[in-house]
Amino acid sequence: MKPDLFEAPDYYNLDELLSEEHKLVRDAAREWVKRDVSPIIEEAAQKAEFPKSILGGLAEIGAFGPYIPETYGGAGLDQISYGLIMQEIERGDSGVRSTASVQSSLVMYPIWKYGSEEQRQKYLPKLASGEWMGSFGLTEPDHGSNPGGMTTNYKDMGGHYLLNGAKLWISNSPFCDIAVVWAKNEEGRIHGLIVERGMEGFSTPETHNKWSLRASATGELIFQDVKVPKDNLLPNKSGLGAPLGCLDSARYGIAWGAIGAAMDCYDTALRYAKERIQFGKPIAAFQLQQKKLAEMITEITKAQLLAFRLGQLKNENRASSAQISMAKRNNVEMAINIAREARQILGGMGITGEYSIMRHMMNLESVITYEGTHDIHLLITGLDITGLNAFK
């Protein structure tokens, strides 16, 4: 196992904009990734296994609901701290960041924002500690970019709800203890339900044969006449805006996380280019390689500034969904382009598991699609600036 020599690029001295707490939180996450993720992640990806041994560490660094109030077991941190944690985790692996994102933004967030006080007290502390893991059920086999067309539904049976349907491409589903599931009632209104493992008719088959996010557990959520207690309905928000609010939080985390993957690819390529000798000198001395590296650090710096400003707006509750979409789309595209260029700098070595670049590249092919596809985010920006809806 090669040592993790990662050094984070900070070309515009952005550390000067961070508080001491921000830096402490980030550095703790960075050291944990170096110690507990880097040594095992290549083997986990090769085996297509999620390394469950890291769940306790994720909880310890505050990766599960970092902005959730301490009253409910969270760390009570701000949104920039959340972003920095996601950045450091995705520097290690996008699949590990996916696990943390789902737990924080798609499971804990809706329970905190839309749930009852009883639900908050029951679920959030155990989710924050990693004792319980959650998943989020929105995407269906026939409804991805059009979640409002979902067919998963529930009926009021008097003493309970009867839930039927299926969700697809669900991170954490194979080992989740609970799932926040979005389904339509008999009037066609979308509500959130907390489904617990062990409820009869609830199953979570794993999705195999993936070329991307191989160190992440992905699966389905299947509901066949599942009896859900009425106390498990999220009472404080309904309609499509409820799950989309969760996705805003997750997309924000991705905008930061993608920077981590890009930084890792850049740092790897820069170090390799300085050490690899061809034609009697390091390849970093050649103009075309310098062009690649200079463009990488430029794009990373632009993405860092975009994410930092978005974090400030999030802290002030002023970040719009469209602003979050722009950052998610831009930063993931930036990261995947850097991964591809970095792979070229490494030549044939870039495709091996001895380096992280090819793994990042494959992972980012999923990240550019999930939580809103690349094209959908473009149309969200288009709608915002023109006022004209191109979705239909």
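Visitor: Is Ser-325 buried or exposed?
Guide: The model is a predicted one, and Ser-325 lies in helix α8, which spans residues 321–346. Its relative accessible area is 1%. Buried means under 20%, so Ser-325 is buried.

Visitor: With which side chain does the side chain of Ser-325 make a polar contact?
Guide: Leaving out residues up to four places away in sequence, Ser-325 touches Arg-251, His-377 and Ile-380. A polar contact within the side chains is found at 2.9 Å. The partner in that contact is the side chain of His-377.

Visitor: How many disulfides does a search of the whole structure find?
Guide: A disulfide requires two cysteine sulfur atoms within 2.5 Å. For Cys-246, the closest cysteine sulfur belongs to Cys-176 and is 16 Å away, which is too far for a bond. Over the whole structure, the number of disulfides found is zero.

Visitor: What is the relative accessible area of Cys-265?
Guide: Cys-246 is buried, with a relative accessible area of 0%. Cys-265 is also buried, and its relative accessible area is 0%.

Visitor: The rings deserve attention next. Is the pair of Tyr-123 and Trp-132 tilted or edge-to-face?
Guide: The structure holds 14 aromatic pairs. In the pair of Tyr-123 and Trp-132, the ring centres are 5.8 Å apart and the planes meet at 50°. Planes between 30 and 60 degrees apart are neither stacked nor edge-to-face, so this pair is tilted.

Visitor: Which parts of the chain does the pair of Tyr-272 and Tyr-355 link?
Guide: Tyr-272 and Tyr-355 form an edge-to-face pair, with 5.8 Å from centre to centre and 90° between the planes. Both Tyr-272 and Tyr-355 are buried. The two residues are 83 residues apart, and the pair links distant parts of the chain: helix α6 (residues 241–275) and the loop between α8 and α9 (357–367).

Visitor: Which residue lies over the face of Trp-112?
Guide: Trp-112 belongs to a cluster linked by ring pairs, whose members include Tyr-109, Tyr-114 and Trp-182. A residue lies over the face of Trp-112 at 4.7 Å from the ring centre, and that residue is Lys-113.

Visitor: Over which ring does the charged end of Lys-281 sit?
Guide: A charge counts as sitting over a ring only within 6 Å of the ring centre. The charged end of Lys-281 is 4.6 Å from the centre of its ring, which is that of Phe-286.

Visitor: From which element does the largest share of the largest nonpolar core come?
Guide: The largest nonpolar core has 102 residues, and those with the most contacts inside it are Leu-58, Ile-89, Ile-111, Leu-127 and Trp-182. The largest share of this core amounts to 18 residues and comes from α6.

Visitor: Is Asp-142 buried or exposed?
Guide: Asp-142 is found in the loop between β1 (134–137) and β2 (153–156). Its C-alpha atom is separated by 35 Å from that of Gly-74, 68 residues apart along the chain. The relative accessible area of Asp-142 is 69%; exposed means over 50%, so Asp-142 is exposed.

Definitions and conventions:
Residues are numbered from 1 along each chain as its sequence is written. This is a predicted model: local features need pLDDT of at least 70, side-chain atom pairs count only at pLDDT 80 or more; totals for chains, interfaces and linings use all residues. Side-chain values use heavy atoms; hydrogens and water are left out. Buried means under 20% relative accessible area, exposed over 50%, partly exposed in between (1.4 Å probe, protein chains only). Helices (H or I, at least four residues) and strands (E, at least two) are DSSP runs, numbered from the N terminus. A polar contact is a pair of N or O atoms within 3.5 Å; within protein, one must be able to donate a hydrogen and the other to accept it, and residues adjacent in sequence count only if both atoms are side-chain atoms. Contact means heavy atoms within 4.5 Å. Rings of Phe, Tyr and Trp (its six-membered ring) pair if their centres lie within 6.5 Å; planes under 30 degrees apart count as stacked, over 60 as edge-to-face and the rest as tilted. A charge sits over a ring if NZ of Lys or CZ of Arg is within 6 Å of the ring centre and within 35 degrees of the ring normal. A nonpolar core is a set of buried Ala, Val, Leu, Ile, Met, Phe, Trp, Tyr and Cys residues joined through side-chain atoms within 4.5 Å.
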